[in-house]
Protein chains: 2
Amino acid sequence: MVYPGALKKLVDMFCRFPGVGPKTAQRLAFFLLGCPREEVVAIARAMVEAKDRLSFCPVCGSLAEDECPYCSDAGRDHHLLCIVQEPRDVLILERSGQYKGLYHVLHGALSPLDGIGPEELKLEQLVNRIRDTGIEEVIIATNPNVEGDATAGYLAGLLKPLAVMVSRIAFGLPVGGDIEYADDLTLSRALEGRREM
Amino acid sequence: MVYPGALKKLVDMFCRFPGVGPKTAQRLAFFLLGCPREEVVAIARAMVEAKDRLSFCPVCGSLAEDECPYCSDAGRDHHLLCIVQEPRDVLILERSGQYKGLYHVLHGALSPLDGIGPEELKLEQLVNRIRDTGIEEVIIATNPNVEGDATAGYLAGLLKPLAVMVSRIAFGLPVGGDIEYADDLTLSRALEGRREM
């Protein structure tokens, strides 16, 4: 397409975002061009500000504005640790309001095909943290897919010698769902994980 | 969700983009936070630059970087005018390489429910342009939906007294498509528009 130069640059930029193809990028670019200049500047500023003000906690890897809202909170259970793949997973677990322990964000999952091994996830640092800070229980909340399963299995083996209790969050039917639409794997995991009532 | 302030602001900004809901906005925001600072700044700068360097041609409403690439091109047919709804439609028609006339961008379509009437689309300005600049043929290329149809019908009535030829681009089966998947309306329009061969 014969884009003017400045538009092409903008569309190419938007194409780098995850899940944004050339058509969506063009849509977003035209939306911006139709906005008043102040609004475009405000969006641009919010992006740079967020980048400048937010960082990842050097201890747990969560998103932190000044100090880490989890590590620095004395009201949380500092003997309980939940391991997740991404910083956004922390926010999702927080939303449930059920978990009051600390977090450890891997920033990824084991994926040999993508060249992500234990070193890339800094698992040694995780082992040191668990050993040195009196963690008694570890909950693994990696994703229910191939990489997440592999990572959970690897972590379980790694953490066993540390004499901490290690569990993984449950698999089963999503609440509000319908058995009719459950896939076979989810259903067999739900059967496996049945609980007496 | 308990977002840090700067993240919440960014997510809210992304939510204003068309087709971007809270989940996608969060995904985009986390992608940015994972980028190096220079890249975030480059994206922010590209947005403001595009806004500053691009404008809409005061005559035809197309996207223009300095002067309008269509109105200022003496090599184009200045007696032929194609009316489209949005600036991006111009780029899509240009991509086909089939059209060599001028454009007129309405920046919308008639939609009484949204309060968009003939005044909002500046149709009087369009009539003046056609009358004053020697346009001989008008091709209406509004979208094939309710608003686009209404706009095309209204335009046809408006332009008839000007003694110009008015046509609308054809409806029918998309090339490369499969009759099996064509909807009833498209199929009946395709039959209506059949051509001897």
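**Figure 1. Strands 5 and 6 of chain B pair side by side.** Strand 5 (residues 137-140) of chain B is joined to strand 6 of chain B by 4 bridges, and the two strands run parallel. Within this pairing, B:Ile139 has B:Ser167 of strand 6 as its bridge partner. Two strands are said to pair if DSSP finds at least two bridges between them. Helices (H or I, at least four residues) and strands (E, at least two) are DSSP runs, numbered from the N terminus. This is a predicted model, in which local features need pLDDT of at least 70 and side-chain atom pairs count only at pLDDT 80 or more, while totals for chains, interfaces and linings use all residues. Residues are numbered from 1 along each chain as its sequence is written, chains are lettered from A and ligands numbered from 1 in the order in which they are written, and side-chain values use heavy atoms, with hydrogens and water left out.

Figure 2. In chain B, 4 strands make an open sheet in the order 4-3-5-6, with parallel pairing. Its edge strands are strand 4 (101-105) and strand 6 (165-168), each pairing on one side only. Neighbouring strands are turned by 25 degrees against each other on average, direction ignored. Helix 6 (residues 146-159) of chain B lies across strand 3 (77-84), strand 5 and strand 6, and runs at about 170 degrees to strand 6. Axes are lines fitted to C-alpha atoms, for helices over the stretch in contact, and angles run from 0 to 180 degrees between N-to-C directions. Contact means heavy atoms within 4.5 Å.

**Figure 3. The sheet of chain A.** Chain A has an open sheet of 4 strands in the order 4-3-5-6, and the pairing is parallel. Strand 4 (101-105) and strand 6 (165-168) of chain A are the edge strands. Strand 3 (residues 77-84) and strand 5 (residues 137-140) of chain A pair in the parallel sense over 4 bridges.

**Figure 4. The interface of chain A and chain B.** The contact takes 50 residues from chain A and 50 residues from chain B. About 5000 Å² is buried between the chains, and carbon and sulfur atoms give 76% of this area. Buried area is the accessible area (1.4 Å probe) that two parts lose on being put together, summed over both. In chain A, A:Leu33, A:Met47 and A:Lys51 lose the most area to chain B, together 13% of what that side buries.

**Figure 5. Salt bridges between the chains.** A salt bridge is a side-chain nitrogen of Lys or Arg within 4 Å of a carboxyl oxygen of Asp or Glu. The side chains of B:Lys9 and A:Glu49 meet in one of them (3.6 Å, N to O). This pair crosses from helix 1 (residues 5-15) of chain B to helix 3 of chain A. A:Asp52 forms a salt bridge with B:Arg37, where the closest N and O atoms are 2.5 Å apart.
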